[in-house]
Amino acid sequence: MSLLEVKNLHASVAGKEILKGITLTLEPGSVHAIMGPNGTGKSTLSNVIAGREGYEVTKGEVLLDGKDVLAMEADERARAGIFLAFQYPVEIPGVTTSAFLKTALNAKRRAAGQPEIDAMEFLKLVKAKTAVLGMPYDMIKRALNVGFSGGEKKRAEVLQMTMLEPRVAILDETDSGLDIDALKVVSEGVNSLRSPDRAFLVITHYQRLLDYIVPDYVHVLANGRVVASGGKELALQLEAEGYAKYLNTAA
Amino acid sequence: MNALAILDHSFGETYAKRLGVAPWSGALPGPKVEEWRFTPLRALAKVPFVPAPVDAAIGSIPGNVPTIPGAARLVLVNGAYRKDLSDANLGKGVEISQGKVPAKEGSSLVALNAAYAPASLAVHVSGAAKKIIHIISIGAAASTPAALHPRITVTAENGSAITLVESHVGLPGQAYFSNPVTSITVGEGASVRRYVSVDETNEAFHLATTLVKVSGGGHFEAFHLGLGGALTRQEIRIALTGENAEVRLNGAYALSGHSHHDFTTVMDHQVPHCSSSQVFKGVAGGESRGVYQGRIHVARDAQKTDARQLHKALFLSRGPQIDCKPELEIYADDVQCAHGATTGEIDPNHMFYLAARGIDPDTARRLLIEGFLAESMDDISELAVREQFGAALTAWLARYGTAQP
Amino acid sequence: MVATRETAAAVRDVEQYKYGFVTDIESDKAPKGLSEDIIRFISAKKNEPEWMLEWRLKAYRYWLTLADEEPTWAKLHFPKIDYQASYYYAAPKREKLASLDEVDPKLLETYKKLGIPLLEQQMLAGVAVDAVFDSVSVATTYKKKLEEMGVIFMPISEALQKHPELVKKYLGSVVPYSDNFYATLNCAVFTDGSFVYIPKGLRCPMELSTYFRINEKNTGQFERTLIIADEGSYVSYLEGCTAPQRDENQLHAAVVELIALDDAEIKYSTVQNWYPGDADGKGGIFNFVTKRGACRGKNSKIMWTQVETGSSITWKYPSCILQGDNSVGEFYSVAITNNRQQADTGTKMIHLGKGTRSKIISKGISAGRADNTYRGLVRMGPKADGARNYTQCDSLLIGDKCGAHTVPYIESRNPTATTEHEATTSKISDDQLFYCLQRGMKQEEAVSLIVNGFCKEVLQTLPMEFAVEAQKLVGISLEGSVG
């Protein structure tokens, strides 16, 4: 069975149709990249899969392990294994990254019928994971994303991903606002999570990120539809030629 | 209960007879009335005011009235419109008339005004007015203390635009009590700018009420300056009644001697998607007292309201008192509301910095005070007014701003 | 949102207020109602000195003149209280105890259920507890150890017997009998409470704690707490409150007086979790409390922290009178109202001395159909040269049926004093909520987390033992508020 299936997905925001029939199939272990110009529905796709309010699905389905994702609440989807790395991670004043992570981790563990993680074990785990990601451990004592630089925010997203071990990780423009060093660190973090039973959906505007996170498949999204699919060479082709020809055919 | 002695005994029955209304039987708010806790009216209640003569002889307009170039000039003396002193060349889009005073329910001061105002000066705006309308209210008591009740009604039709300047001044001599009421209706998409300067004589009492209704898409910009008077209160109540209405209400006061000045504002957000901002600044020297009370009310359904309010006061000497009560009353959740308030004196570090640049202390003080007050005046979009009001403050500072603490 | 509705419904079904049980214990009650006879009865029951009775009667007679002066300025709506319908004295029988071992096992069980073990071997290390059950103190732990250090920590009724000179000197010196309607009533009828005296120079190594419990039906609780920190001393004092779940409203009108002498510091923390009434506003405690501290000495400090989650009505303004030069007052508050609860709470910082400083951090959270008001006064007196105040009031609204209000009074008569006040009102942002949900948290859990973050600045001032409880309480108080 495929891990994540998006079938003929139509979605609109405030009555305006943004996604006009998207079909994607993610097999376990695969990395799919979604590329496309701004305003073609890339972020809408990630938000609809993750279950953000304000998007109306008018047609189609999304299945995770064959289960209907669209019938689940956002938190259920997350516990079922869908992880969205946000383009703009929100700041939550007063809540430390550590407290946040622990709460999220325990929510997942409870849902899986596992006992809550004890404080010592949790700290050990965070220490190990931050070390792997080359993050200063002290970062987890700071309020979540508050006063974080762009790079720190994205690293914190990857840290969460590492801790929560999702089935499907969606990276929404994770490269935006990152310098090359931060991009490398974040990509290495993502690559270390690649595994035969996990799939990635990497949404990006630029090919640059895909030098570091090498995809198995590349899809071009334009005007709410997948207008081309191919291997990683498609990304290079886009880099050279631009999106112009897809915009014309889509119009 | 909770009220001081009423004033009707001294107001005589002349007005009442002429207007065909019963003598005012209300009472002035007493010290236990929450909205008046910082502004006691004891001193006012002691003065046996008589109705001010509506035909008082006026030689010339007092010198402290700002000159607004090109503005039409409407003069009220003791509340009565004086054609002989006015220049009612209004230009297109504006008409004036004298109407009956609406006997609407309101605060006791509005009721007092309604009972005794000689007539209402009605300004009707039907289009984009070309000229600024400058209304000058002069208080002139003869040989005995007198009370006046100016009444102004402004109606700006949908889509119209007008700029008003209101100056409240008086003739030297006996104490007078001015109790003006201005009602303003801002129609849909209309734009009203109103700039008020209160610079009464040192013996005068001035308790003004402004009632504003702003309809959908309407803009209301106001600035109030408070300079003189023994006791001045400028109460401004604004209701935002249509979506996308916008209000900018700013003010400044500068007090010396035993002046008491009170800004009381009520910003009533009744519907969603409106915004309001308020910046009030004050400086107080001598033994004066500055008061700011501002309430922002956001009704249950008024989602997406953006309402802000700021009051900052500066002491210029040892002796004044500053009282401030910024109030938020919020019944809708999806709103952005905030207020801030500070009191203090001129930052010694700033003084030192200026001294280190070779500026003498008096100049430095004036500079810093002007800079402090400027924040409230920068939003005055009518440049002529900004200049005139700025000049009035500069003159005030030249007189009182250098007093050492 | 289907799941949210289900969660909310599930939460409503379970017993929300876990302290709502009643202890079936025989009690000794004075007849219902209020009169000079009742006051004489209370005073006699406590074997009080004559001056104490006189003071009570003076307060009572004054109170009678206040019949029309029950405060109405707060943003609170409640039916008129019939002061003759309450019992003013209720005590568990067998009150004279030689040691803790003689405490009625039912009482011990009650406090155990409340998480307050009174037997020393089970006790929280480092916390001495005075347990007040209805009108009387039933147990004070770690008494001996404290005595050795010179700390007096005992029920105020006992202090009147053993240290009458101290009580006489300070009682009513911060909150006089004529202070306000509820405080005056308290002066007339208070039955017990805690008395604390910390001797010169001692940093009390233990947290002192009083746990208040209303058990009896139709009983008002009127406790009186008096804490004196002598020169150079320090004490941290905790107060907790619960009451059974009942359909009738019950009255709680306490008075707390704190006195800090030169260089002394008092930290007073409250977690108030009286029964809040049910979702429709039936029942619950009417909490009218006068708490005031006097920083009498130079460099003294009083710090109030309160977490107010219970009561159907809260009327409470823990204040500081900053008399001593360079004294410091701080007020940290979290007030949560849900369902039909109403809170009008805040502080007064009265700056009299030179160089005095105060800080106010208030976090109000309103949910359901509740109203939550911050009301505060900062006053800079003419002699308070160089005084400073900083105030930050933030309100959070959860849902569109509640209200959040901020009513600060700032009065300054000193040019060299500075005041700074900021207030904001907002809601939990959809983005924050979605972010948490996307990480797998349930809505209730996400709200609790975000609100705890919102309150953090206040919660972190609580002693450790209380902080954890308070955090949980924040979550519990808001259950059913989103959806």
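**Close-up views of a predicted complex**

**View 1. Confidence along chain C.** Chain C has a mean pLDDT of 85, and 82% of its residues reach 70 or more. The whole model is predicted, not solved by experiment.

View 2. Residues 1-15 of chain C have a pLDDT below 50. Beyond near neighbours in sequence, this stretch still has 19 contacts in the model. Residues 121-125 of chain C also have a pLDDT below 50. Here the model shows 4 contacts beyond near neighbours in sequence. Where pLDDT is low, the predicted coordinates should not be read in detail.

**View 3. The open sheet of chain A.** Four strands of chain A form an open sheet in the order 2-1-4-5, with antiparallel pairing. Strand 2 (16-26) and strand 5 (67-68) of chain A are the edge strands, and each pairs on one side only.

**View 4. Strands 1 and 4 of chain A.** Strand 1 (residues 4-13) and strand 4 (residues 55-64) of chain A run antiparallel, joined by 8 bridges. Which residue of strand 4 is the bridge partner of Glu5(A)? The partner is Leu63(A).

**View 5. Where chain C touches chain A.** The contact takes 24 residues from chain A and 21 from chain C. On the chain C side, helix 9 (430-438) and helix 10 (443-454) each supply at least two residues. The chain C side divides into 9 nonpolar, 6 polar and 6 charged residues. For the complex, the predictor gives an ipTM of 0.88 and a pTM of 0.86.

Key
Residues numbered from 1 in each chain as written. Chains lettered and ligands numbered in written order. Predicted model: local features only at pLDDT ≥ 70, side-chain atom pairs only at ≥ 80, totals over all residues. Pairing = 2+ DSSP bridges. pLDDT = per-residue confidence, 0-100. Contact = placed C-beta atoms within 7 Å. Nonpolar A, V, L, I, M, F, W, Y, C, P; charged D, E, K, R; others polar.
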